[in-house]
Amino acid sequence: MLKRRLVSALLAGAVVVLAFGTPAVAASTETPTGGSVYFSNSQITPFTIKNIDGGTWNYGSSIYKFVYKRVWSNYQHQDLTHRSSCYLGDRYDNSGWQDPGTESKSSIVGGLLSEAAMYYDIMR
């Protein structure tokens, strides 16, 4: 009798795990894809606008208050969830995931000679 209850409980648990575990697996098949740009040391570039992956990416760097560098990465996609981010030296900024049609914005200020990287991601 105890053996039968144990087997029944294990089977019920397996059914619950399978029933509720499947949606999580299906949701995880959506993976972000995107692009990046890397600037080394004192490299400064005016803003760039690219139509890429179905959206518009605006990124660049500038001198800020004569002794700092400012970098930014902004991305907008009308149909897909997306985000943008940037690094400058050891500093990082991330826009967080944005709904379709909303521009994602990230920017950061740091050392003039710091290395920088700008990114965008889209959720397919």
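The side chains of Glu103 and Lys105 come together in a salt bridge, at 4.0 Å from N to O; the term here asks for a side-chain nitrogen of Lys or Arg within 4 Å of a carboxyl oxygen of Asp or Glu. Glu103 is partly exposed at 33% relative accessible area, while Lys105 counts as exposed at 55%. For these labels, buried is under 20% relative accessible area, exposed is over 50%, and partly exposed is what falls in between, with a 1.4 Å probe and protein chains only. All of this comes from a predicted model, in which local features need pLDDT of at least 70 and side-chain atom pairs count only at pLDDT 80 or more, whereas totals for chains, interfaces and linings use all residues. Residues are numbered from 1 along each chain as its sequence is written, and side-chain values use heavy atoms, with hydrogens and water left out.

The structure holds three salt bridges. In one of them Asp53 pairs with Arg124, and the closest N and O atoms are 3.6 Å apart. Asp53 sits in the loop between β2 and β3 and Arg124 in the segment after β8 (116-123), so this pair ties together parts of the chain that are 71 residues apart in sequence. Asp53 is partly exposed, with 32% relative accessibility. Another salt bridge joins Asp121 to Arg83, with 3.0 Å between the closest N and O atoms. Here, too, distant parts of the chain are linked: Asp121 belongs to strand β8 and Arg83 to strand β5 (residues 82-88), 38 residues apart. Asp121 is buried at 17% relative accessible area, and Arg83 is partly exposed at 23%.

As for the fold, the protein's secondary structure comes to one helix and eight strands, and the elements run α-β-β-β-β-β-β-β-β from the N terminus on. Both kinds of element are DSSP runs numbered from the N terminus: helices are H or I over at least four residues, strands are E over at least two. Four of the strands make up an open, antiparallel sheet in the order β2-β3-β4-β7, where two strands pair if DSSP finds at least two bridges between them. The edges are taken by β2 (48-52) and β7 (104-111); each has a single partner strand, so one side of each is left without a neighbour in the sheet. From one strand to the next, the twist averages 15°, based on axes fitted as lines to C-alpha atoms (for helices over the stretch in contact), with angles running from 0 to 180 degrees between N-to-C directions. Strand β4 (residues 68-77) runs antiparallel to β7, and eight bridges join the two. Tyr68, for instance, has Gly111 in β7 as its bridge partner.

Tyr64 is found in strand β3 (residues 55-64) and is partly exposed, at 33% relative accessible area.

Overall, the protein exposes about 8,000 Å², with carbon and sulfur atoms supplying 58% of that area. Accessible areas come from the Shrake-Rupley method with a 1.4 Å probe, and for residues only the protein chains shown count as cover. Of the 124 residues, 27% count as buried. Among contacts (heavy atoms within 4.5 Å) between residues at least 6 apart in sequence, 49% join residues at least 24 apart.
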